[in-house]
Amino acid sequence: MSRLTLVTSALVALSSIAIAQRVPEEGERKRVPSLVERLGHPPDAKLLIIHADDLGMNHSINAASVRALESGAINSASIMVPCPWFPEIAAYARKNPDADFGLHLTLTSEWVSYRWGPVLPATRVPTLLDPSGYLHPTEVSAAAAIDPREAEAEIRAQIDRARAFGIEPTHLDTHMRTLHQTPELFAALLRVSRETGIPAAINRDLASDPDFAPLLGPGDVVIDRFVSIGPEVAAESWAEYYADAIRSLEPGVTELIVHVAFDDAEMRAATGGVPGWGSGWRQRDLDVLSSDAFRRLLRENQVRLITWREIGALMARPAP
């Protein structure tokens, strides 16, 4: 082989290496698929989870939630393990293993005359208890008082109890958002989520908080937003609120958080006549979500319903 041929071959080889090692420019870098795309939908799809909280609290909530699930008014829900009516909804979950049931991890007990305590013995989690011996009544008082290590032990115990009753949770959320109050409590939620392989319900607002963002890892699933009606909405404007929420829904993954129950004697007694998240509130949620008008809104606005079970499957397949 001639010297000229050798030199030419060497230059070609070096050029190939340089091309292979060149750092792609910004516009050339591979685009990371959005959560919507990872779920198998086009990037502009509007994906919605219609999610009911507080199952297990009492029979009224359980019965209304089962009706809503079976009619399609909701398609996901979460269960409060420490509450008195947990066994009833656990029995339903066992008979319906495909239902999208998560756990509403519970570290507070907010009603005046209807209270509950932790799953673990009080001696194991003393900081979780208020002076009356029940869980703290508000998320603020709970976050100020409880030891994060005791909180983590309790939420692990709630998951263990749910599984012992035959429930395999599809997701984890937090009653009154207590586990979203401090970085230490949020870190406990993430540890448990990762170790159990159960996704925690986290939205972008929370994930972008400078106190919480550093705690998140590449395997943690973050949805786009939570939407939930508040006490500032008048009863006569209930249907209008939900109609506006669906019409203004943006592309991405949204969880519509609702609370359903029958406005009956049991529910009125449990909530003590408190209007916020009380008996009438929950009946209005049930009525609006069950209406033909609401279903029509979903169709007219091209909203696609998904579940936490679908999102949970992504935890085994981290984002590219």
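This note goes through the fold of a predicted model, from the whole chain to single helices.

1. Basis. The model is predicted, so local features need pLDDT of at least 70 and side-chain atom pairs count only at pLDDT 80 or more, while totals for chains, interfaces and linings use all residues. Residues are numbered from 1 along each chain as its sequence is written, and side-chain values use heavy atoms, with hydrogens and water left out.

2. Overall content. The chain has 13 helices and seven strands; helices (H or I, at least four residues) and strands (E, at least two) are DSSP runs, numbered from the N terminus. Of its 320 residues, 50% count as buried. Buried means under 20% relative accessible area, exposed over 50%, and partly exposed in between, with a 1.4 Å probe and protein chains only. Among contacts (heavy atoms within 4.5 Å) between residues at least 6 apart in sequence, 74% join residues at least 24 apart.

3. Nonpolar cores. A nonpolar core is a set of buried Ala, Val, Leu, Ile, Met, Phe, Trp, Tyr and Cys residues joined through side-chain atoms within 4.5 Å. The largest one holds 79 residues, and M57, F101, L256, L289 and F294 have the most contacts inside it. Another core lies apart from it, with 16 residues that include L35, I257, I311 and L314.

4. Strand 6. All seven residues of strand 6 (residues 252-258) are buried, so this strand is largely enclosed by the rest of the structure. G252, T254, L256 and V258 point one way from the strand, and V253, E255 and I257 point the other way. L256 is listed in the largest core, whereas I257 belongs to the core of 16 residues.

5. Neighbours of strand 6. Two strands pair if DSSP finds at least two bridges between them. Strand 1 (residues 46-55) pairs with strand 6 in the parallel sense over seven bridges, and the partner of K46 in strand 6 is G252. Strand 5 (residues 225-227) also runs parallel to strand 6, joined to it by three bridges; here R225 has T254 as its bridge partner. From strand 5 the chain passes through helix 9 (residues 238-247) to strand 6 in a right-handed β-α-β crossover. Right-handed means that, with the strands pointing away from the viewer, the path from the first strand over the helix to the second runs clockwise.

6. Helix 11. Eight of the eleven residues of helix 11 (residues 279-289) are buried, among them W281, R282, D285 and L289. The buried residues of this helix pack against strand 1, helix 3 (59-71), helix 9, strand 6, helix 10 (265-271) and helix 12 (292-300). Neighbours within four places in sequence aside, L289 is in contact with I50, A73, I74, L256, V258, V260 and F294.

7. Helix 6. The buried residues of helix 6 (residues 148-164) include E150, E152, E154, I155 and I159. They pack against helix 4 (86-95), strand 3 (101-105), strand 4 (172-174) and helix 7 (183-196). At the start of the helix, a side-chain oxygen of D147 comes to within 2.8 Å of the backbone nitrogen of R149. Just after the helix, G166 has a positive phi of about 90 degrees.

8. Helix 5. A143 lies in helix 5 (residues 139-145). The C-alpha atoms of A143 and T178 are separated by 6.7 Å, although these residues are 35 apart along the chain. Leaving aside neighbours within four places in sequence, A143 is in contact with Q181, T182 and L185.

Definitions and conventions
Expected span 1.5 Å × (residues − 1). Polar contact = N/O pair within 3.5 Å; in protein donor to acceptor, adjacent residues only side chain to side chain.
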